[in-house]
Amino acid sequence: MNYTKNYRLPQWVKEDRIMMDDFNAMNSSIESGLTRTDAKADSAVATANTAKQTADTAHSIAQQITNAAYTPSNKPYKVGSYVGNGSARTIHLGFRPSFLIISGAILDGAGNNPTFFTNYTCITAGNVLNTRVTFTDTGFTLTGFGNGHPDLTWSGRTFDYIAFR
């Protein structure tokens with residue numbers, strides 16, 4: 001009797017007598033090989049499913065981060081305005097700013113024919129003008145100085161600001 005090269009399965013030729021032991025050994029060998037292959041395939045499927053779940057989770061987290069990065073409540077800055085009251089006041093931002101720009105213009109002149117505007121601008125990272133603007137953990141505090149320039153609390157004047165995180 002002849003046998004296959006790789007798995008030693010019987011190869012009958014016309015003259016061979018079919019033996020029950022050869023037939024059963026061949027089928028046992030095939031069964032064993034298929035069982036091992038099936039187990040490896042199951043393991044490979046489980047590994048692939050785990051990898052897919054990990055990739056799906058990472059994609060979901062990345063999508064959430066991307067979506068959250070561009071919502072109005074999650075900008076890296078906050079824009080607003082306030083009206084001066086002539087004394088110290090605190091502006092609440094919800095975060096400690098790292099950089100602040102305040103701007104306002106005051107009309108100087110009479111009636112409908114103004115002669116010029118007085119511009120008020122403050123740009124600070126918290127180190128300059130720190131006697132006029134103090135950063136807090138939740139925003140910034142303005143200190144009024146009467147006619148000192150820039151007076152960022154001038155009563156009745158509107159000021160715009162942009163505060164960066």
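The legends below describe close-up views of a predicted model of one protein chain.

**Figure 1. Overall order of elements in the protein chain.** The predicted model contains 1 helix and 9 strands. Read from the N terminus, the order of elements is β-β-α-β-β-β-β-β-β-β. The protein chain has 165 residues, of which 19% count as buried. Among contacts with a separation of 6 or more, 56% are between residues 24 or more positions apart.

**Figure 2. The largest pocket and its lining.** The volume of the largest pocket is about 200 Å³. Its lining consists of Y7, L9, S29, I30, S32, G33, L34, R36, T37 and K40. By class, the lining residues comprise 4 nonpolar, 4 polar and 2 charged. Rolling a probe the size of a water molecule over the atoms shows where empty space is left.

**Figure 3. I30 in helix α1, with Y7.** I30 is located in helix α1, and both I30 and Y7 belong to the lining of the largest pocket. The C-alpha atoms of I30 and Y7 are 8.8 Å apart in space, while the two residues are 23 residues apart in sequence. Is I30 buried, partly exposed or exposed? I30 counts as partly exposed because its relative accessible area is 34%, between the limits of 20% for buried and 50% for exposed.

Figure 4. M1 is 17 residues from I18 in sequence, and the C-alpha to C-alpha distance between I18 and M1 is 9.3 Å.

**Figure 5. Strand β8 and its two antiparallel partners.** Strand β4 (residues 89-92) and strand β8 (residues 139-142) run antiparallel and are joined by 4 bridges. In this pairing, I91 stands opposite F140 of β8. Strand β7 (residues 133-136) also runs antiparallel to β8, again with 4 bridges. Here V133 stands opposite L142 of β8.

**Figure 6. The largest nonpolar core.** This core has 16 residues, and I102, V133 and F140 have the most contacts inside it. At least two residues of the core come from each of β5 (99-110), β6 (113-124), β7, β8 and β9 (158-164). The largest share, 3 residues, is supplied by β9. In soluble globular proteins, nonpolar side chains tend to be buried together.

**Figure 7. Surroundings of V133.** V133 is one of the core residues with the most contacts inside the core. Which residues does V133 contact, leaving aside its neighbours within four places in sequence? The contacts are L100, I102, C122, T124, F140, T141, L142 and L152. This list includes L142, the residue that stands opposite V133 in β8.

**Figure 8. I123 in strand β6.** I123 lies in strand β6 and has a relative accessible area of 48%, so I123 is partly exposed. Beyond its neighbours within four places in sequence, I123 is in contact with F99, L100 and I101. The C-alpha atoms of I123 and I101 are separated by 4.5 Å, although the two residues are 22 residues apart along the chain. In a regular strand the side chains alternate between the two faces of the sheet.

Terms used
Residues numbered from 1 in each chain as written. Predicted model: local features only at pLDDT ≥ 70, side-chain atom pairs only at ≥ 80, totals over all residues. Heavy atoms only, no water. 1 Å grid on protein atoms, 1.4 Å probe; cavity = no way out; pocket = protein on both sides within 12 Å on 5 of 7 lines; lining within 4 Å. Points joined across faces, edges and corners; volume = space filled by probe spheres on them. Nonpolar A, V, L, I, M, F, W, Y, C, P; charged D, E, K, R; others polar. Pairing = 2+ DSSP bridges. Core = buried A, V, L, I, M, F, W, Y, C linked by side-chain atoms within 4.5 Å. Buried < 20%, exposed > 50% of the residue type's maximum accessible area, 1.4 Å probe, protein only. Contact = heavy atoms within 4.5 Å.
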